[in-house]
Amino acid sequence: MEVDESELKAAGAELLPEGRYGVRIHGWEIESSKRSILNSIALPLKPSQQVILDYDYTFTTPYCGSETVETIPDKHGTGKDLEERSHSLHWEDCGEQIDLVALQSKEPILFYDEVVLYEDELADNGVSLLTVKVRVMPTSWFLLLRFWLRVDGVLMRLRDTRMYCSFQNGANPTILRESCWREATFQALSMRGFPSDSAAYSDPTLISKRLPVIMHKTQKLTLPVTL
C-alpha cells in the first residue's frame, strides 16, 4: 500500500530500511515478509509404501501466535540475562476487551499487509485457510490471525485471534490477545433456517455471527521496560 510521507512524519513513524517491508513507530518495528514454506530440496522423497496418512486433513490449528525475545549479547558476549528475562513473558487471563470501536475510527493507516500462511481446497470439497492481517495506526497496532474451514455439506469452523496494542502506555506496553472459536455443522445451520448450499458461505466475515461460539478468552501480555 502507498503511505503518505506526511502522515508517517506526523505520527513519528518511518518506513523500515530498503529490503524490509514494515514501519518503525514508538519503539516498535512491525514487519511482514512473504516467502515459500518449503522448497523442493527440503521435501523428503519417501517410497510410496512408506507414506503415512495419519493427519488432520482439515489442517485445523489452535495456533494463536508466539513470542520470542532476540538475544542481544551482553558485555561478556553471552546474552544470558536477556534469555532469562524472556522466560518471564507470560500471557495472563483478563477481563479487558479490545476496543473495536476505537479501531473503526478514521485514523490514517500507516502500514497494512495480509499474509496467507497456508491454503488448501480439500480436494475440491471446501477450503482450509490460515491468514494474518496487520495494520498500524498513529495510536496503535492491530493484528488478526484467522483460520477458516469449510467442509462442503459437513461443517464450518472459524478461529480468530486478535491482538491489539495501544501506544499510549509507552512505558509498559500491554498487548491484548482475544481468541474466539466458532463452528457449526451444515445440518445445524439448516435447522435454524440458514442456507444449506455451500455457495452461501464463501466469506467468513459475513457469516461469522451465524456460527455459535465454542471458546472465547482474552489474555494480556505486559512487556517490561528492560526489554
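A polar contact here is a pair of N or O atoms within 3.5 Å, and within protein one of them must be able to donate a hydrogen and the other to accept it. Keep that in mind for the first view; everything below comes from a predicted model.

**View 1. Arg-146 and its two polar partners.** Arg-146 sits in strand β7. Its side chain reaches the side chain of Thr-205 through a polar contact of 2.8 Å. Another polar contact, of 2.7 Å, links the side chains of Arg-146 and Asp-160. Is Arg-146 buried or exposed? Its relative accessibility is 11%, and because buried means under 20%, Arg-146 counts as buried.

View 2. Strands β6 (126–136), β7, β8 and β9 (174–185) each give two or more residues to its lining. The lining has 18 residues, and Arg-146 turns up again here: together with Leu-144, Asp-160, Arg-162 and Thr-205, Arg-146 lies nearest the centre of the pocket. Sorted by class, the lining has 8 charged, 7 nonpolar and 3 polar residues.

**View 3. The largest cavity.** By class, the residues around the cavity are 6 nonpolar, 2 polar and 1 charged.

**View 4. Ala-13 in strand β1.** Now for another part of the chain: Ala-13 belongs to strand β1, which covers residues 13–15. Ala-13 has a relative accessible area of 11%, so Ala-13 falls under the 20% limit and is buried. What does Ala-13 touch, not counting residues up to four places away in sequence? Its contacts are Leu-8, Val-23, Arg-24, Ile-25 and Leu-110. Take a look at Ile-25 in particular: Ala-13 and Ile-25 are 12 residues apart along the chain, with their C-alpha atoms separated by 4.5 Å.

How values were computed
Residues are numbered from 1 along each chain as its sequence is written. This is a predicted model: local features need pLDDT of at least 70, side-chain atom pairs count only at pLDDT 80 or more; totals for chains, interfaces and linings use all residues. Side-chain values use heavy atoms; hydrogens and water are left out. Helices (H or I, at least four residues) and strands (E, at least two) are DSSP runs, numbered from the N terminus. Buried means under 20% relative accessible area, exposed over 50%, partly exposed in between (1.4 Å probe, protein chains only). Contact means heavy atoms within 4.5 Å. Ala, Val, Leu, Ile, Met, Phe, Trp, Tyr, Cys and Pro count as nonpolar, Asp, Glu, Lys and Arg as charged, and the others, Gly among them, as polar. On a 1 Å grid over the protein atoms alone, a cavity is a set of points where a 1.4 Å probe fits but cannot get out, and a pocket is an open set with protein on both sides within 12 Å along at least five of seven lines; lining residues have an atom within 4 Å of a point.
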